[in-house]
Amino acid sequence: MTSRLEDCLATMITIFHEYSGKQGDKYKLNQTELETILQKELPNYYKSQKGKDNIAKLMKSLDHDKDGEVSFKEFAMLNVSLAIACNDFFEGMQQGKCDK
């Protein structure tokens with residue numbers, strides 16, 4: 001039996017590979033695949049990005065090796081950044097530092 005955290009990691013990996021490689025390298029996301037994964041798997045984050053220009057900026061910021069695609073490592077960094085931002089928000093709420 002796996003733990004909740006192990007399940008979470010397996011889910012992140014599985015989701016990435018469900019979307020990667022439909023239009024190119026099977027181990028990477030191109031911009032269209034990145035936009036699709038955000039629309040379907042992170043819809044609230046996607047809505048906050050408002051527009052293809054912001055998706056292009058996100059793609060550029062994630063693409064550390066400048067190959068025009070997002071690797072799993074680069075995608076994982078997005079998820080880590082989002083998790084940190086959410087944690088900071090909830091800690092701030094508990095400490096009364098955020099507007100309700």
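By class, I find 11 nonpolar, 3 polar and 1 charged residues in the lining of the largest pocket (Ala, Val, Leu, Ile, Met, Phe, Trp, Tyr, Cys and Pro count as nonpolar, Asp, Glu, Lys and Arg as charged, the others, Gly among them, as polar). The model is predicted: local features need pLDDT of at least 70, side-chain atom pairs pLDDT 80 or more, while totals for chains, interfaces and linings use all residues. Numbering runs from 1 along each chain as its sequence is written, and side-chain values use heavy atoms, without hydrogens and water.

I looked up the pocket's volume, about 410 Å³ (the space filled by probe spheres set on grid points joined across faces, edges and corners). A pocket here is an open set of points on a 1 Å grid over the protein atoms alone, where a 1.4 Å probe fits, with protein on both sides within 12 Å along at least five of seven lines; lining residues have an atom within 4 Å of a point. Of the 15 lining residues, Met 12, Glu 41, Leu 42, Asn 79 and Leu 82 lie nearest the centre. Helix 5 gives the largest share, 5 residues (helices are DSSP runs of H or I, at least four residues, numbered from the N terminus).

Next I checked helix 2 against helix 4: their axes come within 10 Å and cross at roughly 110 degrees (lines fitted to C-alpha atoms over the stretch in contact, angles from 0 to 180 degrees between N-to-C directions). The two are therefore roughly perpendicular (65 to 115 degrees).

Technical notes: Parallel < 35°, antiparallel > 145°, perpendicular 65-115°, else oblique.
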